[in-house]
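Work through the two exercises below with the sequence and the model open. Each task is followed by its solution in steps.

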Amino acid sequence: MLRAAVYAVFLVGSLPSLARESRGHISVVLLGATGDLAKKYLWEGLFQLYLEQVSSGHSFTFHGAALTAQEPGQRLMFEVLKKLACPADVSPDRCAVVKDQFLKLSQYHQLKASENYAALNREIEMLLQQEGLEEAGRIFYFSVPPFAYAEIARHINSTCRPRPGAWLRVVLEKPFGHDHKSAQQLAIELRTFFQEEEMYRVDHYLGKQAVAHILPFRDQNRRFLDPIWNRHHVERVEIVLKETLDAKGRTSFYEQYGVIRDVLQNHLTEALLSLAMELPANVSSAEEVLRHKLQTFKSLQSLESTSAVLGQYQTYASHVREELQKPQNYVTTTPTFAGVLIHLNSLRWEGVPFILISGKALDERVGYIRVLFKDRAYCTQRESLREVGQSQCGPKQIVLYIGHGELNHPAVLVSRNLFKPIMPRDSWKEGAADRPQLHLFGHPLSDYYVYSPVKEREAYSVLISSIFHGRKDTFIPTENLLASWEFWTPLLDSLAPRVPRLYPGGVENRHLLDFEIMGREVAFTLKEPVELLHADRQKPGDYRTVQAKFRQSPLVLAWPEELITQLALDIEAAAAKAVARRGEFHLALSGGSSPVILFQRLAMHHYGFPWRHTHLWLVDERCVPLTDAESNFHSLHDHLLQHVRVPYLNIHPMPVHLSRRLCVEEDRGLELYAKEITALVTNGSLDFVLLGLGSDGHTASLFPHSDSGLEGAQMVVLTESPSKPHQRMSLSLPLINRARQVAVLVMGKNKHEITTQMSRVGQEPEKWPISGVNPTSGQLVWYMDYEALLG
């Protein structure tokens, strides 16, 4: 049947027509032919390709393949093929003939071992020989899990490559790794078997018509956009993909990947690159487009944990326990919602926030890209008399509407007070007059020039056509893939211990997931309600009643966001009290990662803090130059000092770098810092000292079995750290214990073991220096998050 069908390929193009000269034979092999993706999109996309190319002179065969045995696999595959449909613009007669032909050209194979691939190759070679056909190329579409890629690639490379002179195109579906390291490993494995030009990594969002039109839109409207496509005119950019469905049925995948890996690292990042990249002279050149995208990756500013807000819909944990057969006390911190703030280091985009948002169980299903422009105009005439297309007042925005939502189809919308865009008439049509009542982003459609596709096309059909034609600009090359993972992996690592905010799902979310931009940070605008905070987490409802004390000292216990908020409030209260009493406040701060969030909180939220009356001291310092990234002072400067107005003479870095040397006793840095404290701090009693807790029980830079600093009259000491950089300078334990208030901040699951240990030991500073913190006339308070205390 397959042989007879090949002959008929040339006869169905225009019904009837003369046979055309063959331009070569193409074999399409769909691996995972009975899977969900194949059923929903891939077979339809291959059928659309055949419809388009049936009269082009090429001949085709389609080989569905899976691990399922021959008979059941073939039955499953043909159940899908029989349901294939033609677009509305194809006549029923032509559709019937082409579909019948497509079914005859399609065959199922069980591909399990090397001999199965060798047999498939023999079958293709025999067909070519018997029909006298030249081979143009082969397409292998990997609709299988990534762990199977390497083995399948080895089989194809060793036994199923096309003849010399014919091309090979291997199509890979995401996920392409879990992080930078795993993506690198996968890339190395695939490069063993395939050339870079042979691989097509699919991001199906690049096939969405609105997304695919970003670069053509920018190119065709250069004269309008060039003056305004920059930081001087753009207020912010929103790239949004919302879903109403939850993750039920997909929790196995979601537990491994989560929303950032599933959507932001690929789909939304690719949209960002198309918006932010410098336009090449020729946007039709795949090489130039991909090179400019890679350059844009290099301009993305690194992300901090404060660059993201995370959420998890309330019933997700129960779905996980049910589907993955987890115990009832199983707790998951996988995010199902994320909002991430991205900035670029470029002259064009400096300071412009790019906001990427995606989530499941939200209020609507919609995808859009919204470029919002600054409104600099003041219009004297009242609003009701202004002409929409003429008045410069009112919102100015460009929206690339990906689909669904209230509009329910792809569209390009441009505010009438911006410009009338140039759009290709053969593929986009203007008009929205049939829905005058519809409002988008708070404004009627009549306020926009609205364009929609002449013919809507499914994303996979677009991409499969591009694969056939060898166009690579809508696919992800290895270098760009690794650049994306290099950008996202540090954020994913930093967010791993964070517990996402719970949300009920759907319209009940209300304002719970709203967040605001504060400089380089984002934070939820509403506090998390108690009833949601602890629901479904198998922990007590009001944690603050779990334990009022820790090691006989007061304990503040909360989730990280609430904990830092409370600590910042307590420091400001101590500052106000000290300034009222003596006119100055002496605050000593530790290094490390935990205080960074506190510094940012103080800088962004405490505008009433008496900074001009505050002296800032260091609890400890690494023996590196103060400009070094390892320096505690460098971190303090970056996250706090450059954002607040502390008098220059009130800032007291530790003198670790004197006479061009680091922490040399002969330079007398210890004496200098001790003298400075004695001169400025009454009785050497600092008002507030912030400490941390190391996993070995150290605090400040006082380590177990330290030779100095645990007792005696010395105020400042040199110590040795077990980790690099080894040399440290630190306040001594006796000086710390003179303070009026001491706070110990302990956060994260990795501190649970030492926290448990500290709850059981006595005062043994030689073994655990933190146990020696016991202010002689002041107060010690522990600030701890739930993961540190409860694990």
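The largest cavity has a volume of about 90 Å³. A cavity is a set of points on a 1 Å grid over the protein atoms alone where a 1.4 Å probe fits but cannot get out; the volume is the space filled by probe spheres set on the points, which are joined across faces, edges and corners. The model is predicted: local features need pLDDT of at least 70, side-chain atom pairs count only at pLDDT 80 or more, and totals for chains, interfaces and linings use all residues. Residues are numbered from 1 along each chain as its sequence is written, and side-chain values use heavy atoms, with hydrogens and water left out.

**Exercise 1.** Determine which helix gives the largest share of the lining of the largest cavity.

Step 1. Phe176, Asp203, Gln265, Asn266, Thr269, Glu270, Phe297, Ile476, Asn480, Leu481 and Ser484 line the cavity (an atom within 4 Å of a point).

Step 2. Helices H11 (251–276) and H15 (478–495) each supply at least two lining residues (helices are DSSP runs of H or I, at least four residues, numbered from the N terminus).

Step 3. H11 gives the largest share, 4 residues.

**Exercise 2.** Classify the packing of H5 and H6 by angle.

Step 1. Helix H5 (residues 114–131) and helix H6 (residues 149–159) pack at about 45 degrees, with axes 9 Å apart; axes are lines fitted to C-alpha atoms over the stretch in contact, and angles run from 0 to 180 degrees between N-to-C directions.

Step 2. H5 and H6 are therefore oblique: under 35 degrees counts as roughly parallel, over 145 as roughly antiparallel, 65 to 115 as roughly perpendicular and the rest as oblique.

Definitions and conventions. On a 1 Å grid over the protein atoms alone, a cavity is a set of points where a 1.4 Å probe fits but cannot get out, and a pocket is an open set with protein on both sides within 12 Å along at least five of seven lines; lining residues have an atom within 4 Å of a point.
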